[in-house]
Amino acid sequence: MTGDIGLWGVPLAIFGGAIRVSTPFIFVSVGECLTERSGRINLGLEGTLVFGAMSGYAVAYHTDSAWAGTAAAAFFGLLFGLLHGWICKLPKVNDIAIGIALMIFGTGLAFFFGKPYVQPVAPDLPAIPLGWWSGIPQVQAALHINVLFLAGIVLALATTWMLKNTRVGLTIRVAGDSADAARALGIDVDRVRLWSTAAGGALAGIGGAYLSLYYPGSWNEGISSGQGLMAVALVIFARWSPINCLFASLLFGGAGALGPALQSVGVTEGYYLFYAAPYVLTLGLLIATSSTTRAMTSAPGELSITK
Amino acid sequence: MSVQAEIATLAAEKSGFFTEAMARKVQAIILPLAALIAGMIAFAAFLLLIGKSPLEFYALVYKAGFGTAFSWTNTLARAAPLLLAALCVALPARLGLVIIGGEGAIVLGGVAAGAVGMLTPNMPGPLGIVAMAIAAGLAGAIWIGGIGALRHYRGVNETISSLLLAYIAIALMNHLVEGPLRDPASLNKPSTAPLPDVYRIGEIPGLGVHWGLAAGILACILSWILIEKTTWGFAARIVGGNVKAAQVQGLPAGLLMIGFTALGGVFAGLAGMFEVAAVHGSANASLAAGYGYTGILIAFLARHNGLAIIPASILFAGFEASSGLIQRRLDLPDATVLVLEGMVFIAILLSDTLQDRFDLFSFIKRRQT
């Protein structure tokens with residue numbers, strides 16, 4: 001049954017877009033969730049994301065394997081996370097300012113090394129065509145789900161379980177809630193935060209690789225538009241729970257897909273305003289969920305922005 | 001140390017020249033300078049790693065940024081928006097607010113100025129310029145002051161909200177410039193209608209750079225006076241030190257936050273206005289040129305001090321002015337300057353740890369005992 005499905009195209013495109021656009025958010029926000037649960041805020045994830053996108057693309061191009069590219073992106077993300085964590089260990093360092101510095105540095109480095117990779121084409125990450133049963137092209141497109149999305153769901157579930165039920169998770173949470181209690185337990189707070197930040201960076205790198213290796217699927221200097229930063233806001237909105245990060249990512253993915261979805265049915269007025277939708281949504285949610293009087297529920301006690 | 005030596009040391013410390021305050025002042029200049037040099041050395045190492053000559057790089061920076069009169073006009077022209085953009089970061093920073101969305105205020109200020117030029121083109125020149133300045137300043141004040149208000153009333157983290165608002169501002173600018181405010185004659189590059197000639201801002205006589213430079217320098221000096229020499233500035237610095245203590249003292253922390261962020265926004269908006277009125281002639285997408293982000297770095301390098309922002313802006317304007325020459329001569333991408341800036345920024349933030357770790361005048365004191 002093929003044919004014009006008219007305005008049904010919009011919610012369908014939003015659904016498909018939500019899945020497609022949310023995947024990098026899932027990885028970056030779960031990564032940042034891990035970092036913030038340990039008591040540190042990493043604003044440099046935007047730079048890590050962009051560098052992950054560039055390095056993933058470059059390595060995928062040279063090795064002709066998208067998975068190798070993704071692994072490389074994770075590796076470089078880890079390095080950026082380690083850098084952030086190591087510098088923040090030093091006394092009197094403002095971790096928000098360091099995040100901004102690494103954002104600029106990571107982005108600059110990515111643009112610097114990425115110049116020769118704008119034209120060449122690298123292999124894409126595989127996707128599973130879950131819409132094979134339908135004859136309508138839009139349904140097929142919407143249900144063409146990338147493997148990393150499914151990996152992201154598993155990641156969110158696994159991280160939630162890890163934080164709640166394992167020793168490692170407890171260590172991270174104690175370091176994030178009360179550094180004094182952690183030290184009393186003999187935990188090296190700086191080291192826990194270092195490795196949480198590194199893990200967060202690695203996940204952000206994977207999120208970046210998704211951007212360049214699947215959707216939009218190519219490397220250029222405009223590939224990220226603040227996703228790393230939105231993910232940080234998203235973690236606050238999700239109340240530091242990885243499962244909520246998953247749902248929030250889907251919400252943001254849907255908002256981000258609004259622009260292209262409307263374009264696909266021919267609505268071109270207000271193009272830029274629809275593209276601003278995710279940012280407006282992020283800001284609105286941030287405003288709604290912040291408060292000066294109540295301490296934010298379930299905020300890690302040691303996080304500098306909630307103290 | 002023997003008792004006599006201890007007394008002698010104390011006497012030397014209290015007497016005349018090397019007071020604690022002086023040591024702090026010297027440290028405040030040496031540390032950022034050392035960090036700048038360290039960052040440049042790290043960048044030189046980076047260049048060596050990729051097989052380029054750092055000496056050639058810095059020689060080209062000197063030549064294109066500071067070597068000739070022509071390069072000076074180029075540099076100073078680029079410094080004008082940077083001065084104002086850096087103030088947008090530095091002023092709220094004295095209150096402890098890290099605001100990095102100045103880019104949004106610049107863009108909206110430019111659009112406001114362009115809109116004034118388009119909607120009311122028949123005013124006499126000076127009045128038109130004042131109208132543009134007010135519109136641009138107001139746009140910036142609302143945008144950045146709004147961030148301060150959100151922080152005070154809702155506790156929203158100002159760093160995140162400022163960057164989000166910057167993205168929203170750019171989207172808004174694109175929408176307005178390509179839609180309601182679009183000049184039908186601008187086909188290839190959508191922009192607002194060109195400003196009437198009498199609204200254009202000219203050059204400082206003899207310098208070849210537009211008046212935005214003078215405005216920027218004046219703004220920096222006024223900001224320094226405001227922060228260091230007035231009671232409001234003093235109150236702001238107390239809020240920056242400890243908000244709760246300030247509130248206990250009865251200081252209107254909220255008003256100060258909103259006031260200073262709005263002032264920073266005014267400066268950023270004016271930067272946008274000068275870009276439109278003195279450089280481009282109309283508002284279009286080239287307003288989002290990254291001045292806001294370079295301004296962040298300049299503000300931190302200058303330790304948020306208005307007077308120090310002036311040389312820091314000129315330095316970074318020189319780096320950016322030389323970017324084109326470096327691209328051509330050394331075959332490096334234009335992101336090279338971004339890498340340099342990032343490294344310098346990291347070095348500056350690292351230098352924070354070294355604060356108060358050195359006893360700067362110990363060698364002199366030891367000699368005196």
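Predicted model: local features only at pLDDT ≥ 70, side-chain atom pairs only at ≥ 80, totals over all residues.

Visitor: How many residue pairs are in polar contact between chain A and chain B?
Guide: Five residue pairs are counted between chain A and chain B, both residues being at pLDDT 80 or more.

Visitor: Which elements of chain A give two or more residues to the side that touches chain B?
Guide: They are α4 (95-114), α10 (227-237), α12 (271-275) and α13 (277-289) of chain A. The largest share, 15 residues, comes from α4(A). By residue class, that side of chain A divides into 33 nonpolar, ten polar and three charged.

Visitor: And what area is buried between the two chains?
Guide: About 3,800 Å² is buried between chain A and chain B, and carbon and sulfur atoms give 81% of that area.

Visitor: How many salt bridges does the rule find across the interface?
Guide: The rule finds one. K115(A) pairs with D334(B), with the closest N and O atoms 3.4 Å apart.

Visitor: Turning to the backbone, which peptide bond is cis in chain A?
Guide: The bond from Y215(A) to P216(A) is cis, with omega near 10 degrees. P216(A) lies in the loop between α9 (189-213) and α10 of chain A.

Visitor: What about D331(B): buried or exposed?
Guide: D331(B) counts as exposed because its relative accessibility is 63%, the cut-off being over 50%. Its phi is positive, near 55 degrees.

Conventions. Residues numbered from 1 in each chain as written. Chains lettered and ligands numbered in written order. Heavy atoms only, no water. Buried area = accessible area lost by both parts, 1.4 Å probe. Salt bridge = Lys/Arg side-chain N within 4 Å of Asp/Glu carboxyl O. Polar contact = N/O pair within 3.5 Å; in protein donor to acceptor, adjacent residues only side chain to side chain. Helix = DSSP H or I, 4+ residues; strand = E, 2+ residues; numbered from the N terminus. Nonpolar A, V, L, I, M, F, W, Y, C, P; charged D, E, K, R; others polar. Buried < 20%, exposed > 50% of the residue type's maximum accessible area, 1.4 Å probe, protein only.
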